Amino acid sequence: MTDSTTNMRLKLPITCFILEIILIILFGVLVQYDHETDSREWHKSNHSDYENDFYYRYPSFQDVHVMIFIGFGFLMTFLQRYGFSSVGFNFLIAAFALQWATLMQGFFHGMHGGKIHIGVESMINADFCTGSVLISFGAVLGKTSPVQLLIMAMFEVTLFAVNEFILLSILGTKDAGGSMTIHTFGAYFGLMVTRILYRPNLDKSKHRNSSVYHSDMFAMIGTIYLWMFWPSFNSAITAHGDDQHRTALNTYYSLAACTLSTYAMSSLTAHDGKLDMVHIQNAALAGGVAAGTAGEMMLTPFGSMIVGFLAGIISVLGFKYLSPILEEKLKIQDTCGVHNLHGMPGILGAIVGAVTAAVATTDVYGNGMKDVFPMIADGGKASYQGGIQAISLAVTLGIALLGGLIVGFILKLPIFGQPPDTICFEDSIYWECDQPGGLQEQDPSWLMSGLFTKRADVI
Amino acid sequence: MTDSTTNMRLKLPITCFILEIILIILFGVLVQYDHETDSREWHKSNHSDYENDFYYRYPSFQDVHVMIFIGFGFLMTFLQRYGFSSVGFNFLIAAFALQWATLMQGFFHGMHGGKIHIGVESMINADFCTGSVLISFGAVLGKTSPVQLLIMAMFEVTLFAVNEFILLSILGTKDAGGSMTIHTFGAYFGLMVTRILYRPNLDKSKHRNSSVYHSDMFAMIGTIYLWMFWPSFNSAITAHGDDQHRTALNTYYSLAACTLSTYAMSSLTAHDGKLDMVHIQNAALAGGVAAGTAGEMMLTPFGSMIVGFLAGIISVLGFKYLSPILEEKLKIQDTCGVHNLHGMPGILGAIVGAVTAAVATTDVYGNGMKDVFPMIADGGKASYQGGIQAISLAVTLGIALLGGLIVGFILKLPIFGQPPDTICFEDSIYWECDQPGGLQEQDPSWLMSGLFTKRADVI
Amino acid sequence: MTDSTTNMRLKLPITCFILEIILIILFGVLVQYDHETDSREWHKSNHSDYENDFYYRYPSFQDVHVMIFIGFGFLMTFLQRYGFSSVGFNFLIAAFALQWATLMQGFFHGMHGGKIHIGVESMINADFCTGSVLISFGAVLGKTSPVQLLIMAMFEVTLFAVNEFILLSILGTKDAGGSMTIHTFGAYFGLMVTRILYRPNLDKSKHRNSSVYHSDMFAMIGTIYLWMFWPSFNSAITAHGDDQHRTALNTYYSLAACTLSTYAMSSLTAHDGKLDMVHIQNAALAGGVAAGTAGEMMLTPFGSMIVGFLAGIISVLGFKYLSPILEEKLKIQDTCGVHNLHGMPGILGAIVGAVTAAVATTDVYGNGMKDVFPMIADGGKASYQGGIQAISLAVTLGIALLGGLIVGFILKLPIFGQPPDTICFEDSIYWECDQPGGLQEQDPSWLMSGLFTKRADVI
């Protein structure tokens, strides 16, 4: 299944080499260790080792890291013939995006005397930004070349950093777990990109756009890891102490409640009451997305559970009823259904965050107010903070959609080796493995060769 | 394979919704942040952030969380056609059980002024209680509907909390890693339930009650995660400092010794010397179970290794010789062999704990005695503590067996949609996937369609 | 496929029991809790619980543990019919090696008053030493019996401890992440063993010495876990504070850069530009190996990225061009290509470490010099430290090659049940599973029975 247009032999190496060499040069010029990773700086002042931020954040960082590489990577392996690409392209674009994000985020909010200072917190932020790119990847999964994905990642990371800067640094928005900055942004950016890349003849690859038993099992590895570590995700960069602790707790209960409503809705919306793996793999995670903004606030476990409960319901309904409409009417071909897992639950999370902020009182937050809402602690009104949160959602949606529009058109340029409509959702275009495509697909014996992709070697 | 009796369309959604709404209401009325998660409370007193319990326990919590959702979930995927249910029902009942456990455990030993205070320690305890339910799930695996499992979880969590309260709060038993409270309780409860649910015609589903190559590989993911993180499990709620450290160390060596005796016994008991995956997947973990009570004590690495060594031997012998007897003579159909992994090693762990407690001296424990054995530090006799430990095993067995008896009869009510004898160990009753059951089973071509469960979509 | 020579019924149990009983006796005589795990010792002095080394190192330890058991274990499951053995023998020899390593390493550098003191740091060191054995396992994968592997592990652990002692304790070498002590040593030891065990007729098993689609997916689980947790590996035993923090950071960027150069080279060296899973699974990790020595130094993110970038290129080139030459000309049958992942990148890491050490200045390290280069802080010359580093590489290579030579000949003794040339890379010799070998292999229906290994039970 080699084809001159999808042949990556020059395109991919050139793209990777140019990007990496630019990264290395920019790191050489701009990046240096921060106060906590630099040998001389750390030893200048007199502190105990356990005060190093490493011990507060590194375990959370590693959980986030697992979500990015195992969680997102394996969640997308549900397609029957796209496992190599799901994990493999996820790996490639994440490895690129985290380096580029270090520069972009550092440029916007980590400069000290002309240098970008980095440590564990910037690593977490880079992974967060990468997560947003991977959400967009979910929308275009199976329909793009690795070069297109790298180009998309380059632009998306940049726009992510701009949006994040506007929200966190200019407006003073709170969004520790990224309901807006990560999930809403990544989802609507990706949805707009996939809209621009609309393929009227995608049904020619329809038979591969579904799962088989084992691919669903691999996908569950991704789901469960995302679910388990979401408390770490939402709490990774909140303030130390009660803030990290509370955020993890809120997310834990939000996810648990979301899981029950997901199972209930999945069974209820099937004519024979059978559970649908797509719902379980995705909607059960919506509770983590929806707790992304308010998780660090005094949402209470009670509030967290209500949020998770609603998120699960919305998400299953989206998969069942809204996605087909979006595809038919709006021509949005959303492979993983990111609108249902990240889009709508992200908006729900933003709204919950705005409302929770608007009702914050010193009576509830005490001296912890300065950690959660510094503007209110400095005398600002809670309702003003709530308004800022709501405006931030609008800003995020605007930048995501406009950015996705422009980047979508860039990716349409016929030079990036995107697959033809007939061979989407197929590993063998970009990977060394046996070619099951073409005529044989009607033939059960192909199903076997599909499994035994190097069958030629075997026999 | 839709059948009116196993159709979950109303039963499962109604059960999930009612349970979750009750949980949310009770959380609203009863639950609030504890001192370390509440913004105002934490900032009232003057402590450093690193003193927050989050930093002592959250990494252990996440390891335990992985054991519950990946460890138990994937360990049970060894069945050839029950992967969706193994991971999926594990996910569902664990998400329910951890919420319900928060309430039940809080009710019995976490009330402060009429409110249940929660933080990372209660999250770990909730996961522990959930683990016990999942052990029982292992005994009935493949033979129960998700509604039955939720009902079982509801009762079992309650009884777990009662037993735990009697042991830890009334008797003053030490059982940090839960050899008694978690493993013995969960195993014998589940064994009694499966005894009451005895199916004389289960051999009609016998051909599905075994593994295939790939399902054994998925199950090894569960095994290895349980094995690796068991040191975190046993040490998660011991006292800070040397106690957590020592418990992790003891468990590490107990498991390593257990692994060698498991491999030795597995090969020795096979006529051709070949290793049996069932033993490796399960018996190699018995060292963690058996170190659950004494792990926090001054068991020494030497003692830990002896315990693990014996646990592996007992467990393989159980799988090989005892399980068939239990099934034939006592009509106990124990799908996962929980008696061999959790039952007997749990009892061994309880006995080791009693003996180790009975020989505790101030000479060995020094000022650390108050953390490990507060009753002895307060002047009690070590032999008395040993006696308490032994009594606790009896109490646990009594409550587990009696509780399992009653709950077994409740689950027998013909309204929960349990599968017929002919279609046990089969995903397609409760999940959207191709139906391999019925006539085709004799036909090799079915084996293929079994793999390609959405074959209809494919072709 | 039972054969008297490969029958493990007596050989394996006897080996396991003897080894474990020796271990238990030696632990009883020699090993005791260290100051931080002993109840009396810890409570003698007046320190806060958070000063216990457990909180500095246990999260890193668990990440390393995952790399050893999941990372190495699953990485090697890429072979189509060797999944049980890859994960299962990895499990067995690791469980043995970590106990034996505790004794050997303790004997050489952990003795206090005739006793080996153990805690979390010795657990990490034991896992490190085990990692070295597993690298060698990769070289001989598919061609050795479990008894041979245990014997190899016993000798290799001993030699590892000798080499480590010479480097770290006598010479004063710095090698926190083990570019030399772990990777170079394990790779060249294994390469020499596999050279001595050269099988001229191995092509009779050639059809099994390759991957299939699903086995490559399982292998990616191993790859991604190794990749994600390598920052924890390299930083696990560096000094507390900035050192651990900086090492993790350096490794993170080295790996990211390595991933991009790996993808570029994999596509560039394929005539049709398609990515090769072997490269992605292995070469993308070379950045972690190459940052093993210099990771704790002030390498800068810039330097780390250059190192990772080069490591990826070298590693892919090795797989593509050097491995076939080594096999043909030097008769080195390196199943996993450990020379490309651990050998050459390990040497690169050693050289980078020597150069980085040679240019160390107080201006850059400040008061942190005593943690990174105690000899320089004490007045030694940086160039001298650099020389020591270079000599250490030579010593490591010498001990590894000589050790591998001797151990290879020991393993050649015809009493350990090694598989015949016709049935290498095959689980069914040592595991209970259906036998696909023999005539049927030409027959597609075998491919199915290969999947459904307990087919006899099924039908």
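**A first look**

Glu426(C) is buried, with a relative accessible area of 1%; buried means under 20% relative accessible area, exposed means over 50%, and partly exposed is in between (1.4 Å probe, protein chains only). Keep in mind that this is a predicted model, in which local features need pLDDT of at least 70 and side-chain atom pairs count only at pLDDT 80 or more, while totals for chains, interfaces and linings use all residues. Residues are numbered from 1 along each chain as its sequence is written, chains are lettered from A and ligands numbered from 1 in the order in which they are written, and side-chain values use heavy atoms, with hydrogens and water left out.

**Salt bridges inside a chain**

- Glu426(C) pairs up with Arg81(C) in a salt bridge, with the closest N and O atoms 3.0 Å apart; the term covers a side-chain nitrogen of Lys or Arg within 4 Å of a carboxyl oxygen of Asp or Glu.
- Glu426(C) sits in the loop between helix 17 (382-412) and helix 18 (444-451) of chain C, and Arg81(C) in the loop between helix 3 (53-75) and helix 4 (83-109) of chain C, so this pair ties together parts that are 345 residues apart in sequence. Helices (H or I, at least four residues) and strands (E, at least two) are DSSP runs, numbered from the N terminus.
- Arg81(C) is buried too, at a relative accessible area of 3%.
- Over in chain B, the side chains of Arg57(B) and Glu121(B) meet in a salt bridge (3.7 Å, N to O).
- That pair links distant parts of the chain, 64 residues apart: Arg57(B) is in helix 3 of chain B, and Glu121(B) is in helix 5 (residues 120-140) of chain B.
- Arg57(B) is buried at 4% relative accessible area, whereas Glu121(B) is partly exposed at 36%.
- In chain A, Glu41(A) and Lys44(A) form a salt bridge at 3.2 Å, N to O.
- Both lie in helix 2 (residues 39-44) of chain A, three residues apart, which is about one turn of the helix.
- Glu41(A) is partly exposed at 25% relative accessible area, and Lys44(A) is exposed at 59%.

**Where chain B meets chain C**

- Here 84 residues of chain B are in contact with 81 residues of chain C, contact being heavy atoms within 4.5 Å.
- The area buried between the two chains is about 7,400 Å², and carbon and sulfur atoms give 71% of that. Buried area is the accessible area (1.4 Å probe) that two parts lose on being put together, summed over both.
- What does the rule find in the way of salt bridges across this interface? It finds one, and that is Arg40(C) with Asp363(B), whose closest N and O atoms are 3.7 Å apart.
- Helix 9 of chain B gives the most to the side of chain B that touches chain C, with 20 residues.

- Chain C has an open sheet of three strands in the order 1-3-2, with mixed pairing; two strands pair if DSSP finds at least two bridges between them.
- Strand 1 (31-33) and strand 2 (111-112) of chain C are the edge strands, each pairing on one side only.
- Strand 2 and strand 3 (residues 115-118) of chain C pair in the antiparallel sense over two bridges.
- His112(C) has Lys115(C), in strand 3 of chain C, as its bridge partner.
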